[in-house]
Amino acid sequence: MAGTSSAIVAGLTAAALATVGYLGHQAAENIPAGLRAAAQPGTAQSAPRTPGQKGNAQALPARSGQGTRVVYSLDADRVWLVEGGGRIRRSFSVHPSTVDPSPGTYRVTSRSKRVTGSDGVPVEHVVCFATVDGTVIGFSAALDGSVPQLDPEIRTGGVRETRADGAAMWRFATIGRKVVVAP
């Protein structure tokens, strides 16, 4: 009888957990965008971009972290590869996607040598570090050297680099590498 009781309890527990998971998912899908709480690690809410706001394109943004890191400035559309002592290994301009992560600190979560980008263009040296409402955000270089033709109606997360800059990012930004997104 004890075996039957424990099987019933295990079954009821599994059913309850599945129900709670389902209801949690449904609740998360129906939260109004303005009420979303702070993002989970590796996720972000979209940061508003003010057209025409560009900072000093060459200066590393203030409060952009410490240690070895990638710094991505939303305002300057620029990336810096920074070594531990604060020495800038490389800095280059990028072409943003239609979806931006919020300013903050992230980690490289995945890398792909070659894939097709969310805009249908074959890309290489893909380095992903965030997700915004289901859109994966990462750096990449188009194999044909093209820059994205942004359509604000289509959610894309690829921050495009030149192929040379993409190769440098690939060597520098390994899994777990810190990525600081600055305004």
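**View 1. Strands β7 and β8 pair in the parallel sense.** Four bridges join β7 (residues 135-142) to β8. Strands here are DSSP E runs of at least two residues, numbered from the N terminus; two strands pair if DSSP finds at least two bridges between them. Ala-141 stands opposite Glu-161 in β8. The model is predicted: local features need pLDDT of at least 70, side-chain atom pairs count only at pLDDT 80 or more, and totals for chains, interfaces and linings use all residues. Residues are numbered from 1 along each chain as its sequence is written, and side-chain values use heavy atoms, without hydrogens and water.

**View 2. Four strands make an open, mixed sheet.** The strand order is β5-β6-β7-β8. β5 (110-116) and β8 (158-161) are the edge strands; each has a single partner strand, so one side of each lacks a neighbour in the sheet. From one strand to the next, the twist averages 30 degrees. Angles run from 0 to 180 degrees between N-to-C directions, with axes fitted to C-alpha atoms, for helices over the stretch in contact.

**View 3. Helix α2 lies across β5, β6, β7 and β8.** α2 runs at about 60 degrees to β6 (122-132). Helices are DSSP H or I runs of at least four residues.

**View 4. Asp-165 sits in helix α2 (residues 163-172).** Asp-165 is buried, at 9% relative accessible area (buried: under 20%, with a 1.4 Å probe, protein chains only). Its side chain makes a polar contact of 2.8 Å with the side chain of Arg-90. Another polar contact, of 3.0 Å, joins the side chains of Asp-165 and Thr-162. A polar contact is a pair of N or O atoms within 3.5 Å; within protein, one must be able to donate a hydrogen and the other to accept it, and residues adjacent in sequence count only if both atoms are side-chain atoms. Not counting residues up to four places away in sequence, Asp-165 touches Arg-90, Phe-92 and Ser-93 (contact: heavy atoms within 4.5 Å).

Terms used. Buried means under 20% relative accessible area, exposed over 50%, partly exposed in between (1.4 Å probe, protein chains only).
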